[in-house]
Amino acid sequence: FMDGDNEHHQNFAIQHAHQYDIVLVTGKPLELEKKLNLPIFFDQGGIITKRYGINHVPAKMEIEGDKLKLTEFTL
């Protein structure tokens with residue numbers, strides 16, 4: 001999960017794009033998709049971030065066994 005308007009978040013996403021799907025919480029997904037040449041998803045209305053309690057971005061969500069692991073990063 002990342003702020004699509006933040007260049008530091010964009011650079012972070014490029015470095016990790018081969019491992020994870022990119023989900024924007026703000027920004028313009030179609031423009032960023034063209035710029036990065038990567039598939040971009042958008043958390044419309046903050047549904048996913050609210051449901052899973054994501055308060056800070058960039059963040060990643062992974063499945064570990066039968067649980068979700070949420071990691072929030074500082075850049």
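Helices (H or I, at least four residues) and strands (E, at least two) are DSSP runs that are numbered from the N terminus. The model is predicted, so that local features need pLDDT of at least 70 and side-chain atom pairs count only at pLDDT 80 or more, while totals for chains, interfaces and linings use all residues. Residues are numbered from 1 along each chain as its sequence is written, and side-chain values use heavy atoms, with hydrogens and water left out.

**View 1. Lys35 in helix H2.** Lys35 has its place in helix H2, a helix that covers residues 29-36. The residue is exposed, with a relative accessible area of 56%, where exposed means over 50% relative accessible area, buried under 20%, and partly exposed in between (1.4 Å probe, protein chains only). From Lys35 to Pro58 the separation is 23 residues in sequence and 19 Å in space, C-alpha to C-alpha.

**View 2. The largest nonpolar core.** A nonpolar core is a set of buried Ala, Val, Leu, Ile, Met, Phe, Trp, Tyr and Cys residues joined through side-chain atoms within 4.5 Å. The largest one has eight residues, namely Met2, Ala13, Ala17, Ile22, Leu24, Leu32, Leu36 and Ile40. At least two residues of this core come from each of strand E2 (22-26) and helix H2 (29-36). Ile22 is in contact (heavy atoms within 4.5 Å) with Met2, Ala13, Ala17, Leu38, Pro39, Ile40 and Phe41, when its neighbours within four places in sequence are left aside.

**View 3. Thr49 in helix H3.** Thr49 belongs to helix H3, which runs over residues 47-52, and the residue is buried, with a relative accessible area of 12%. If residues up to four places away in sequence are not counted, Thr49 touches Phe1, Val25, Asp43 and Ile54.

**View 4. The chain as the setting for the close-ups.** The chain holds three helices and five strands, and these follow the pattern β-α-β-α-β-α-β-β when read along the sequence. Of its 75 residues, 27% count as buried, and the C-alpha trace spans about 35 × 25 × 20 Å along its principal axes. Among contacts with a separation of 6 or more, 26% are accounted for by residues 24 or more positions apart. The chain has 8 positive and 11 negative side chains, and the centres of the two sets lie 2 Å apart; Lys and Arg count as positive and Asp and Glu as negative, whereas His and the chain ends are not counted, and each charge is placed at NZ of Lys, CZ of Arg, CG of Asp or CD of Glu.
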